[in-house]
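Here is a short briefing for a first look. Begin with the sequence and the structure below.

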Amino acid sequence: MVRELPKTDVVIVGAGWTGLAAAKELADAGQRCVVIERGDWRHDASNFGAPEEHDELKYARRKEHMIDTQTKTLSFRNSSDQTALPMRRLGSFLPGKGLGGAGIHWNGQLWRPLPSDLKMRSHYADRYGEAILDGLNVQDWGVTYDELEPHLDFFDRVCGTAGVAGNLNGETKEGGNPFEGPRSADYPNPPMKASPPLQLFQKTAQEMGYHPFQMPSANVTKAYENAYGAQLHPCTYCGFCERFGCGYYAKADPIICIYDVVKDHENFELRMNSQVLRVEKSADGKTATGVTYLDERGQEVFQPADTVCLNAYALWNVHLMLVSGLGKPYDPETGEGTVGRNYAYQTLAAAGVFFDKEVWSNPFMGAGALGMTIDDFNGDNFDHTDLGFVGGGYISANQTNGRPINYHPTPPDTPSWGPEWKKAVRENYLHHVGIVCHGSSVAVPGNYLDLDPTYKDAYGQPLLRMTFDFPENDRRMSAYVLSKAEEIARNMDNVRAVSTVNRAAEGESYSVVPYQTTHNTGGAVIGTDPTTSVVNRYGQMWDHHNVFVFGACLFPQNLGYNPTGPLMGLAYWTLDHMKNDYLQNPRPLMDA
Amino acid sequence: MPNFSRRAVLLQIGASGLAAVTPGAALAQNRYAALDTQPWSYLDGSEARFLASMADVLIPEDDFPSASQAGVVDFIDLQLAGPYGQGAGLFLEGPFADGTPEQGWQTAHTPASLIRNGIARLEDGGTRLVDLDANDRSAFVERLSKGEGFDLGDVPVQTLFDEIWALVKEGYFSDPIYGGNKDYAGWEMIGFPGAHAYYTDHVDKNAPFPAPPKGIAHVPGTGRSADTARPLRAQTAREEG
């Protein structure tokens with residue numbers, strides 16, 4: 001017997017960045033919000049303190065903050081002629097669980113999309129002609145940079161972002177990213193300190209005519225009171241950022257930046273250890289009536305609500321739609337349907353720089369967003385004529401960590417174990433930096449998400465099935481951007497050797513085994529055409545007007561940037577339209 | 001009287017290491033010697049000998065300790081006895097099928113049973129890794145790393161090698177609270193100062209940072225971590241030699 005609870009105004013699935021932002025904004029707007037989260041309650045103050053949190057085995061290797069595959073995983077294959085098999089162990093990407101979601105173990109690399117990124121199809125078609133997009137499901141987002149800018153700016157003030165503006169109200173500023181869209185306000189905090197390898201990268205990039213700048217960082221550089229009145233503290237460069245929570249209150253996360261200021265709100269209720277199974281629909285199928293979930297005792301509960309917000313991790317939002325029958329599933333045979341369409345990832349490559357003994361990188365001194373970056377080869381910041389691809393990536397000397405189990409850079413041709421390996425690890429550990437190429441990912445018809453026909457999760461539901469390999473476009477893009485990174489690496493001072501790795505190299509297929517990045521995007525994309533998008537430009541489902549969707553599942557294709565900034569800009573944009581329009585008069589906000 | 005001796009295991013694996021030349025001196029430095037009266041938690045003696053022999057090919061002794069000297073076998077023993085070895089974080093619902101390398105772990109084994117069955121089948125023919133000389137041990141590990149010439153039934157050779165190598169690195173470089181990285185051997189080797197990390201004033205300086213390592217359970221004034229793995233060893237002790 002399913003227990004039915006009293007109706008609430010809004011039910012929110014997931015207590016990560018977007019879920020807690022939705023709860024805060026909607027509770028303030030007078031909406032009674034129930035947030036349902038599958039994982040445990042936790043807090044930076046009580047759960048993430050050093051030195052216990054600085055446990056590489058527990059958090060980076062055994063992944064204690066991440067989703068457990070025994071409760072939630074997906075099946076995977078490179079192409080639809082293979083049989084998908086379960087991703088039995090976490091690897092390539094690390095969805096979170098618990099209060100704060102994956103937002104507690106992010107790095108804090110906080111970007112904005114380029115104005116041209118948000119109108120990718122029309123921009124490329126105008127500049128190069130439609131043919132450059134042949135075979136790609138590249139789309140416009142349906143929302144412009146100018147529309148998102150106030151919301152991107154607000155999120156900078158939620159996080160206390162540290163950086164140097166490159167474009168302040170249209171005026172180009174020295175030391176910032178000259179390619180970025182105009183900012184209405186400067187960064188709230190000054191940039192991070194630059195470690196010796198970052199200083200060398202900056203010098204060389206400048207000499208080569210590029211435009212280096214310090215990566216925008218949500219690792220806060222000064223004591224800062226955020227837009228909601230929460231207090232953050234300066235980063236200590238401890239080197240335990242990605243995979244870890246921050247007990248220093250220095251990495252902006254959903255718990256200290258939002259939860260703490262909404263937790264006592266009369267319109268806010270949080271239910272932990274509760275697994276949402278499906279969104280329920282009305283008899284006519286046109287609206288959602290609420291969600292059914294398993295509570296902390298394993299009892300099935302129905303929570304009715306006027307409005308349903310899907311704020312789970314990108315992949316699980318799509319899964320929830322598919323098992324609930326929301327929207328039309330994508331069919332790769334016919335190209336029809338939209339849920340699961342335009343799944344994309346991130347295309348990563350890197351150059352490793354091995355210095356002589358004059359340069360001390362001390363890699364254990366790091367921060368998640370400690371980087372010196374050029375954006376000269378990202379988006380359409382460079383001429384794509386005759387290059388054979390669209391998109392690009394930023395190139396960044398990053399010093400995020402030197403955690404000793406995982407960080408063993410060795411020069412090319414070093415054996416992978418044995419005496420020579422051991423010697424090389426010892427000699428290079430303190431004298432190395434990685435230069436990452438953080439590349440975009442286009443959507444193509446053959447990469448998609450649907451339900452697996454064979455494998456089921458702990459709740460008896462079919463696993464999400466991922467079919468993905470790197471598109472040819474992105475292989476060409478990655479090789480090109482990597483060649484530029486390698487050139488910079490070889491021109492740097494005091495360099496003895498340079499290594500390269502390209503996850504999207506020709507002849508190699510995408511693998512779920514080695515960690516790449518937790519930037520899974522698409523599958524429930526935003527747009528202005530219901531035949532190619534799941535939600536309209538306000539994040540509202542075309543087929544069910546009281547369902548709003550948040551997160552990177554909205555991205556029509558993935559940017560050359562980390563997703564948290566763009567997806568939070570979209571979240572505040574959606575919440576703005578919910579608060580100031582939809583909730584007064586619930587209806588489809590666009591005509592299908 | 002224990003029915004087992006880590007010291008005896010060590011003497012046997014000494015063919016490629018310092019122990020063969022100066023057993024007394026090397027033993028004094030060795031984790032096994034200190035733990036000689038402690039029973040294993042998961043491994044048996046022959047599994048321990050195999051893992052010690054293989055681990056010391058992967059990370060041999062030089063100016064810094066070998067893997068086994070740094071407590072890696074003790075670390076692996078505890079890991080296999082604990083949640084990780086028993087399959088925590090591993091989705092083990094069937095059906096099982098041979099996947100592509102890109103699809104990752106597809107065997108029904110837990111890490112502990114993978115390693116137990118893998119070692120048993122590798123040594124099924126009667127030749128034990130521990131009995132080979134240094135060159136032959138290296139050649140064996142080389143072949144194992146490439147998956148060449150082994151049929152281990154439902155134990156995928158590449159997965160077995162990758163799993164052992166991952167555990168060896170974890171044991172050499174993880175915080176000493178887990179039983180490896182004895183006296184910060186791995187951290188001393190590379191210059192990692194440990195878990196107590198506050199670098200605001202140093203991060204932009206081009207200079208060495210010669211702080212001695214301190215782990216999560218560092219005992220002030222000793223240069224060592226507290227042995228927090230001891231309770232787990234006691235809890236999981238096996239009557240086996």
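In strand β3(A), A:Ile36 is the bridge partner of A:Val13. This is a predicted model: local features need pLDDT of at least 70, side-chain atom pairs count only at pLDDT 80 or more, and totals for chains, interfaces and linings use all residues. Residues are numbered from 1 along each chain as its sequence is written, chains are lettered from A and ligands numbered from 1 in the order in which they are written, and side-chain values use heavy atoms, with hydrogens and water left out.

**Strand β3(A) and its partners**

- The chain runs from β2(A) through helix α1 (residues 17-28) of chain A to β3(A), a right-handed β-α-β crossover. Right-handed means that, with the strands pointing away from the viewer, the path from the first strand over the helix to the second runs clockwise.
- Strand β2 (residues 8-13) of chain A pairs with β3(A) in parallel over 4 bridges. Pairing takes at least two DSSP bridges.
- Strand β11 (residues 268-271) of chain A is also parallel to β3(A), joined by 4 bridges.
- In β11(A), A:Arg271 stands opposite A:Ile36.
- Helices (H or I, at least four residues) and strands (E, at least two) are DSSP runs, numbered from the N terminus.

**Burial of β3(A)**

- β3(A) spans residues 33-36, and both its faces are covered.
- A:Cys33 and A:Val35 are buried on one side, A:Val34 and A:Ile36 on the other.
- Buried means under 20% relative accessible area (1.4 Å probe, protein chains only).

Technical notes: Buried < 20%, exposed > 50% of the residue type's maximum accessible area, 1.4 Å probe, protein only.
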